[in-house]
Amino acid sequence: MRILFTCVGAYGHFFPLVPLARALALAGNDVAFATAEAFAPEVESAGFDVLPTGLSQEERTNLFRPYREGMEALAPEQRRAALFVNMFARIAAPANLPELLPAARSWRPDVIVHESAELAAPIVAVALGLPSVHHGYGRMVPSAILAQAAEVVGPLWARAGLEAPPFGGTFRDLYVDPCPPSLQPESPPIERVALVRPVGFDGLVGGAAQDWLDRLPNRPTVYVTLGTVFNDAPAFRVLLEGLVGEDLNVIVTTGPNLDPAELGAQPPNIHVERFVPQSAILRHATAIVTNGGSGSVLAALAKGLPMVVVPRGADQFDNAQASVKAGTAIRIMPAELTPAAVRKAVARVLSDAKYRNAAHRVQAEIAKMPSPAAAVGIVESLVSS
């Protein structure tokens with residue numbers, strides 16, 4: 001069977017798909033990815049062929065600039081809809097569809113698997129008469145936001161001579177849900193759902209764990225990450241100022257596009273790296289300071305780690321709210337982000353057992369979720385059903 005995965009060319013959209021893609025490949029299926037050509041090295045390093053389609057992250061970001069000022073003027077709880085609809089429905093989907101359709105027609109898949117922000121894939125699947133699988137990358141994108149996005153991509157369906165299904169076809173055949181039920185905001189509007197455990201994927205070409213991780217002093221270790229999109233140096237400086245001088249091991253990963261040298265010299269207990277495999281860090285971590293990206297939140301909870309969440313954009317405000325509601329985190333909103341607030345919040349999640357106990361409860365929930373391999377037969381069955 002030939003299975004085509006398609007995603008926006010960004011780490012947070014690609015990484016969650018890899019465990020299922022690998023499970024399908026191990027089961028004997030031919031698997032390839034359609035994504036931006038600039039992102040091809042990451043996909044190829046994970047072991048998959050690439051069909052170049054769509055915009056790079058830099059191109060999307062440049063085209064989004066006219067919308068950014070209006071989005072940032074909104075209340076935090078309104079920003080996710082503005083970003084998602086404009087970035088992925090208004091900008092990415094129209095650019096991707098003319099390339100994805102002929103690429104898929106040429107590669108001839110039996111099934112198309114797409115992540116939540118890849119809104120051209122359902123159109124291609126219907127046009128080619130194929131089943132489609134919607135793979136979440138964390139908590140489900142709220143159905144109200146997907147409905148807004150569906151209105152924007154509606155003309156793309158019409159130009160293809162197709163009638164647009166509800167939610168832009170994103171819930172047509174199967175939803176693969178990697179979110180533990182206690183964090184999921186609503187039930188997917190579809191009968192066929194495959195729950196899969198978020199097992200994580202380290203990715204990033206050339207990344208390797210450093211030996212110093214095994215030689216850290218015997219004291220709490222705090223991992224600090226702002227992901228790979230909202231990872232600007234000024235925000236890191238605030239976080240580091242809040243942690244400097246504390247009796248902690250602090251591991252900071254800046255992401256591939258920010259040189260650690262921009263953050264200046266640090267004391268011996270603070271390690272600043274461009275990239276260290278997250279799984280290696282989390283084996284040593286006691287707590288995590290994160291921007292609330294889906295990948296880091298789910299990875300932390302899978303290890304039972306309490307969090308300080310400093311949301312910056314996208315789904316991070318929603319993830320932060322859900323983490324606070326679950327009792328696993330303290331949230332620091334952008335207007336409240338100061339070194340003193342960071343210092344106080346980190347000290348609290350380390351000293352107050354209720355955060356660790358709540359994280360352990362979610363960890364147990366994640367451990368009971370089926371592995372990605374359990375979804376292989378469900379995906380394969382779509383072809384014969």
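Reader: Which strands does helix H14 lie across?

Author: Helix H14 (residues 376-384) lies across strand S1 (2-6), strand S4 (111-115), strand S5 (132-135), strand S6 (174-177) and S7, and it makes about 175 degrees with S6. Contact here means heavy atoms within 4.5 Å, and angles run from 0 to 180 degrees between N-to-C directions, with axes fitted to C-alpha atoms, for helices over the stretch in contact. Keep in mind that this is a predicted model, where local features need pLDDT of at least 70, side-chain atom pairs count only at pLDDT 80 or more, and totals for chains, interfaces and linings use all residues. Residues are numbered from 1 along each chain as its sequence is written, and side-chain values use heavy atoms, with hydrogens and water left out.

Reader: What makes something a helix or a strand?

Author: Both are DSSP runs, numbered from the N terminus: helices are H or I with at least four residues, strands are E with at least two.

Reader: In what order do the seven strands of the open sheet come?

Author: They go S3-S2-S1-S4-S5-S6-S7, with parallel pairing. The edges are strand S3 (49-52) and strand S7 (193-195), as each pairs on one side only. From one strand to the next, the twist averages 25 degrees.

Reader: How do you know that strand S2 pairs with S3?

Author: Two strands pair if DSSP finds at least two bridges between them. Strand S2 (residues 30-35) and S3 are joined by four bridges, so they pair. Phe 33, for instance, has Val 50 in S3 as its bridge partner, and Ala 32 stands opposite Asp 49.

Reader: Why is H5 called roughly parallel to H7?

Author: Helix H5 (residues 76-107) and helix H7 (residues 143-159) have axes that come within 9 Å and cross at roughly 25 degrees. Angles under 35 degrees count as roughly parallel, over 145 as roughly antiparallel, 65 to 115 as roughly perpendicular and the rest as oblique. The angle therefore puts H5 and H7 in the roughly parallel class. Their contact has 13 nonpolar, one polar and two charged residues. Nonpolar covers Ala, Val, Leu, Ile, Met, Phe, Trp, Tyr, Cys and Pro; charged covers Asp, Glu, Lys and Arg; the others, Gly among them, are polar.

Reader: And what about H4 and H5: at what angle do they pack?

Author: Helix H4 (residues 57-72) meets H5 at about 150 degrees, with the axes 10 Å apart. By the cut-offs above, that makes H4 roughly antiparallel to H5.

Reader: What makes S10 and S13 edge strands?

Author: They belong to an open sheet of six strands, S10-S9-S8-S11-S12-S13, also parallel in its pairing. Strand S10 (270-273) and strand S13 (329-331) each have a single partner strand, so one side of each lacks a neighbour in the sheet. Strand S12 (residues 307-309) pairs with S13 over three bridges, and Val 308 stands opposite Ile 330.
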